[in-house]
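Dear colleague,

I am passing on the structure we spoke of, and my notes on it follow below. Please read them with the model open beside you.

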Amino acid sequence: MDGVIVADVETDAGLAAGFRSDQLDGFRIGVTSDRRSEDLIAAFERRGAEVLHAPAIRIAAVDDDAELTRDTAAIIDARPDLFLATTSYGVRRWFEVADAAGLGAELTEVLTRARILVRGPKARGAIRAAGLEDSGMSVDETTASLIDQVLAEGVTGLTIAVQLHGFPDVEQIDRLRDAGARVLTAAPYRWSLPEDSTRVLRLVDAICTGSVDAVTFTSAPAVDALLATAEQAGKLGAVLDAFADSVTAAAVGPVTAAPLEAAGIRPIAPHRFRMGALIRLVCEHLETSAIRRVTTSRGTIELRGRLVVVDGQSASLSPTSLALFRLLLADPGRVVARSELATALPEDPDDHAVDMAISRLRRSLPVPDLIATVIKRGYSIPIGHDD
């Protein structure tokens, strides 16, 4: 994970201990997950953030359980030597379908006799909830490392059953077959694109305008879906620029981070690949890296997300006003020319449009005379104190 900023954060216990209801005041966070999105959204909102929920993919049961039932019967008949469990949801749903088809007891009996390896702790929890025991877990909680482990032990002549996740990793299955194993699979669910892409497009626009401060990703397919949507809308370049500048991409782990890195985005990721750790990391990152404080002649300015605080007085800025204010605050005391400020405005504005936008920004600020006009040159935020 050379391109990933990995942080060693505590899990849920530490998250609760560090809770503050104003921790994320002013920040806006995009959430791309479908399943368990409520947990992320509630956690961020309890800390004061605004959340833009745009599920880039959705988890759905397979259209017809008959195929899963046939695959289950085939696995029972084959009596596999080894069973690989990849996701907790997949394991749970597989047993639900097997029970409904009258195959639950037989499946449990067959898997009791097999050696079971799991991709991560969530899959382990589902295996144990089914009354089974695993004998090992992958090193870094990825399917590839799980297959590496199996291949290192040798698979020639073995019958291996694999519970697939939403987007089957055909390459990994082929590795087992190429090494001489007989492989049977069960796919209890699939990932698919949402029928309505409106919310994803809204998130793309928010990223482009810098009106979100961070975007969380909990699966690699969600990354691919968001970037594909941006490309189809002709905004991929703007999205990549935003992630390189003012918007933070936060991935739950290395598998999710991989397509971000491939696109040239450097995400942050917790050391422990857990939802609680991701939440804590986003909170800590925004607090330590996304709040700007500047002493000016009108008081101390704190910019946190869209919220401007000046000596205890606060105001929330629109995306356009925020873009202008960020330019002025980037180098306090420097006169920013109208031509430079124009780059923060839509279309191709003239000097009059820039002046009107600055006027609206001034009216939005808690201290209206925070921005000084420098005749024939532009605008600035004066630093220091008046005599």
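Predicted model: local features only at pLDDT ≥ 70, side-chain atom pairs only at ≥ 80, totals over all residues.

Strands β15 and β16 form a hairpin with two residues between them, and in the turn D311 has a positive phi of about 45 degrees. Helices and strands are here DSSP runs numbered from the N terminus, where a helix is H or I over at least four residues and a strand is E over at least two. β15 (residues 307-310) pairs with β16 (residues 313-316) in the antiparallel sense over four bridges, two strands being counted as paired if DSSP finds at least two bridges between them.

Residues are numbered from 1 along each chain as its sequence is written, and side-chain values use heavy atoms, with hydrogens and water left out.

R306 counts as buried because its relative accessibility is 18%, where buried means under 20% relative accessible area, exposed over 50% and partly exposed in between, with a 1.4 Å probe and protein chains only. Leaving aside its neighbours within four places in sequence, R306 is in contact (heavy atoms within 4.5 Å) with G26, R28, E50, S211, A315, S316, L317 and L322.

The largest nonpolar core has 26 residues, and F325, L328, I358 and L361 have the most contacts inside it; such a core is a set of buried Ala, Val, Leu, Ile, Met, Phe, Trp, Tyr and Cys residues joined through side-chain atoms within 4.5 Å. At least two residues of this core come from each of β14 (299-304), β15, α14 (319-330) and α16 (351-364), and α14 gives the largest share, five residues. With neighbours within four places in sequence left aside, L361 is in contact with L317, S321, L324, F325, L328 and I371. Apart from this core lies another, of 24 residues, among them A78, F95, L103 and A126.

There is also an open sheet of four strands in the order β6-β5-β7-β8, with parallel pairing. β6 (115-118) and β8 (182-186) stand at its edges with a single partner strand each, so one side of each is left without a neighbour in the sheet. Neighbouring strands of this sheet are turned by 20 degrees against each other on average, direction ignored; axes are lines fitted to C-alpha atoms, for helices over the stretch in contact, and angles run from 0 to 180 degrees between N-to-C directions. Four bridges join β5 (residues 82-85) to β6, and L84 has L117 as its bridge partner in β6. Helix α8 (residues 170-178) packs on the sheet, where it touches β5, β7 (159-163) and β8, and its direction makes about 150 degrees with that of β8.

Finally, in helix α12 (residues 254-262) the buried residues are P254, T256, A257, P259 and L260, and these pack against β10 (214-217), α10 (220-232) and β11 (248-251). Just after α12, G264 takes a positive phi of about 90 degrees.

With best wishes
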